[in-house]
Amino acid sequence: MKLFRRAHRRAPSYGPESTDPVLLTAVAAGEAEALEILHRRHAPWLRARLNYRCSDPDQVDAALQETFLAVWRNAGSFTPRPGDTDAGAWLWTIAIRQLISQLRRRANRWISDIEAEPYETIGDASAEDTVLLNIEHGPLGAALHTLSPELRAAIQATVLDGLTVREAAQILQIPEGTVKTRVMRAKARLREALTS
């Protein structure tokens, strides 16, 4: 991956122990080494979470690469909340959208030879992302962890990640009807867990 140095902005001093906002400020100033530090820090867990949602390692690799390209292009748009030293939620938002974009491009390839425009994520975590983070760490997150892995994967793919049933079926490598059934069962069990 060849990165081009952009117009000169003054980069802060940074190193492997720097916080994510400092590294992103350095990336916005064109410091490729800061991007490498961010990649070493975040790529492993991003890959693990993407692998959980997609069984195709090539798609996961492509989504991860596009994620850090988007970070390189849009680092200046990251706006941390006061006291926030971690950009994990922002990076995850980019990564899951890149994965969805990869899967949609692959699904549409047979319909048209025209390549879809690459999707770029710009800006801070949206209200939707904040809600998703609260879900992950709230009562619903605890209820999700009581589901079997199959039911949890189906509900996460369709409801939390916003995939269509067809896209979820491709990722999970199961028929669409099975996805629908698992989502119905997962919702029923979540309802029981949250109302009892």
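**Close-ups of the salt bridges**

**View 1. Arg47 and Asp61 form a salt bridge, with 2.4 Å between the closest N and O atoms.** Here a salt bridge means a side-chain nitrogen of Lys or Arg within 4 Å of a carboxyl oxygen of Asp or Glu. This is a predicted model, in which local features need pLDDT of at least 70, side-chain atom pairs count only at pLDDT 80 or more, and totals for chains, interfaces and linings use all residues. Residues are numbered from 1 along each chain as its sequence is written, and side-chain values use heavy atoms, leaving out hydrogens and water. Arg47 sits in helix 2 and Asp61 in helix 3 (residues 57–74), so the pair links distant parts of the chain, 14 residues apart (helices are DSSP runs of H or I, at least four residues, numbered from the N terminus). Arg47 is partly exposed at 33% relative accessibility, and Asp61 is partly exposed at 35% (buried is under 20% relative accessible area, exposed over 50%, partly exposed in between, with a 1.4 Å probe and protein chains only).

**View 2. Asp20 and Arg41 meet in a salt bridge, their closest N and O atoms 2.6 Å apart.** Asp20 belongs to helix 1 (residues 20–28) and Arg41 to helix 2 (residues 32–53), so the contact ties together parts 21 residues apart in sequence. Asp20 is buried, with a relative accessible area of 1%, while Arg41 is partly exposed at 30%.

**View 3. Arg166 and Glu176 form a salt bridge at 3.7 Å, N to O.** Arg166 lies in helix 8 (residues 165–172) and Glu176 in helix 9 (residues 176–195), 10 residues apart. Arg166 is exposed, with a relative accessible area of 54%; Glu176 is partly exposed at 35%. The search of the whole structure finds 3 salt bridges.

Technical notes: Helices (H or I, at least four residues) and strands (E, at least two) are DSSP runs, numbered from the N terminus.
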